[in-house]
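Me: Hi! Could you walk me through this one?
Reply: Happy to, here it comes.

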Amino acid sequence: MSRVFSGIQPTGQPHIGNYFGAMRNYVSLGEQYGKNSIYCVVDLHALTNPAAFDPRLLAQRTFEMALANFAVGLDPSKVVFFVQSHVPEHQELSWIFTNLTPVGELERMTQYKDKAGQLESVPAGLLMYPVLMAADILLYKADTVPVGEDQTQHIELTREIARRFNHTFGETFPEPKAVYNKDALRIPGVDGHGKMSKSKGENSTLGLLEPLDAVWQKLRAAPTDPARVRRTDPGNPDVCLIFDYHKLFSDLPIIEMVNVECRRAGIGCVDCKKKLMEGVTVALSPIQERAAELAQHPDDIRDALAQGAKEARAIAAPVMAEVREKVGF
Ligand code: ADP
Ligand code: NA
C-alpha cells in the first residue's frame, strides 16, 4: 500500500507554480489514495525565514493556504489535511534525524546555498530545513511525494536519511519517491527572474486567488523574448515565459497558433498576452469563486484543520512509538 505526503509553506499567496507543480497532484492523488494521502501546511518550515516573524500574518497565511487547497478541489473529509505545528511529532523525529545527518551534506543543498547567500545572518533552522522535511515525510512512512522539481535534492536526502536510520536502528522507513507533474516541473516567475516562488515576493508570482485585473497587470508587464524589440521582429516562443504559461492555460489550437505566429511576427506580444489572459480567466475564476464561498465560513476551515491534525497524529503516534523504542528512549 502506498502513502502520499506533501507540504506547502505559508510564506505568501499560493501561486500557479504551486498549483500546476504540486497542488493539482494533491487533488488527483487524493482521489486515488483517500486517507492515505496526507497534506500539510508547513508553518514550522516557514519560520526559517525571518519574514515569518509576524504572528498574525503567519496565522493568516496558514489559513489562506488551507483555503486555497480546498478551493482547488482538495476535500479535507476525504484526505488528511492539517497544519504542521499541530503535530509535535514532526519536531521529535526531526531531532533524531538531525543526528544522522552530516552538516556538510546540508551545506551542499542548493536551496540552502541560494537562500543563505541572501542573508547576513543564517538561522540554523534554514540549514535544518531538509531534515525537518525528511521527518515530515517519514513520520507517516510515506513513499510517494508530489512536489515540483526544486525539491528533488531534498527528496534524495530524505531517502538517504531513511537508509541511515534503517541501517543504524533496524528496518523502519521506506525510501520515498518524488512524483512530478511533467508539464510543470519548474514554472518561471512572471518577473523573469528564475522560478516562480512565494519566497521571492509578489513580483514573482501569479496568485491563484489574486484579483484578475492584478494578474493582467503583471502579465502585461512581463518580459518576453528580449531579442524581439519591434512588433515586426519575429519572436522565439521557446525563450518566452508567456509561451510557458500558454502551455498551462490555453487550448492546443491557441498554443499552436502562438507557436507559429510568434515566430513569423504574425502576432504581437500584447495580443499574445491577451489570449493567455482568456485561458487564465477560465482557469482561475471558478477557483476564486469557490474560495470566496469557503471564506464565508472560516470556522469550518479551522474545524477541518483540527480534525486533520487528529487524523495525522493517529498515524504518526505508532510510528513515533516504534522509533522511540528502536532508539532506546
Ligand atoms: P515556494 O517556493 O513558492 O515557497 P513551496 O516551497 O511552499 O513553494 O513549495 C510548495 C510546492 O510547490 C512544492 O512541491 C514545490 O516544489 C512546488 N513549487 C514551488 N514553486 C514551483 C514552481 N515555480 N514550479 C513548479 N512547482 C513549484
Ligand atoms: Na520552495
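**Strand β2 and beyond**

Reply: In β2, Ser 37, Tyr 39 and Val 41 point one way and Ile 38 and Cys 40 the other way, and all are buried. Buried here takes 20 or more other C-beta atoms, placed from the backbone, within 10 Å of a residue's own, with exposed at 12 or fewer and partly exposed in between. Strands (E, at least two residues) and helices (H or I, at least four) are DSSP runs numbered from the N terminus.

Me: What kind of model is this?
Reply: This is a predicted model, where local features need pLDDT of at least 70, side-chain atom pairs count only at pLDDT 80 or more, and totals for chains, interfaces and linings use all residues. Residues are numbered from 1 along each chain as its sequence is written, while chains are lettered from A and ligands numbered from 1 in the order in which they are written.

Me: Which way does β1 pair with β2, parallel or antiparallel?
Reply: Parallel, over five bridges; pairing takes at least two DSSP bridges between the strands. Ile 8 has Val 41 of β2 as its bridge partner.

Me: And what stands opposite Val 41 in β3?
Reply: That's Val 83. β3 (residues 80–83) also pairs with β2 in the parallel sense, over four bridges.

Me: New topic: where does Asp 136 sit?
Reply: Asp 136 is in helix α7, residues 124–138. Asp 136 counts as buried because 25 C-beta neighbours lie inside 10 Å.

Me: What surrounds ligand 1?
Reply: 19 residues do, with Gln 9, Gly 17, Gly 21, Val 147 and Gly 148 the closest; near means a C-beta atom, placed from the backbone, within 6 Å. Helix α1 (residues 16–33) gives the largest share of that shell, four residues.
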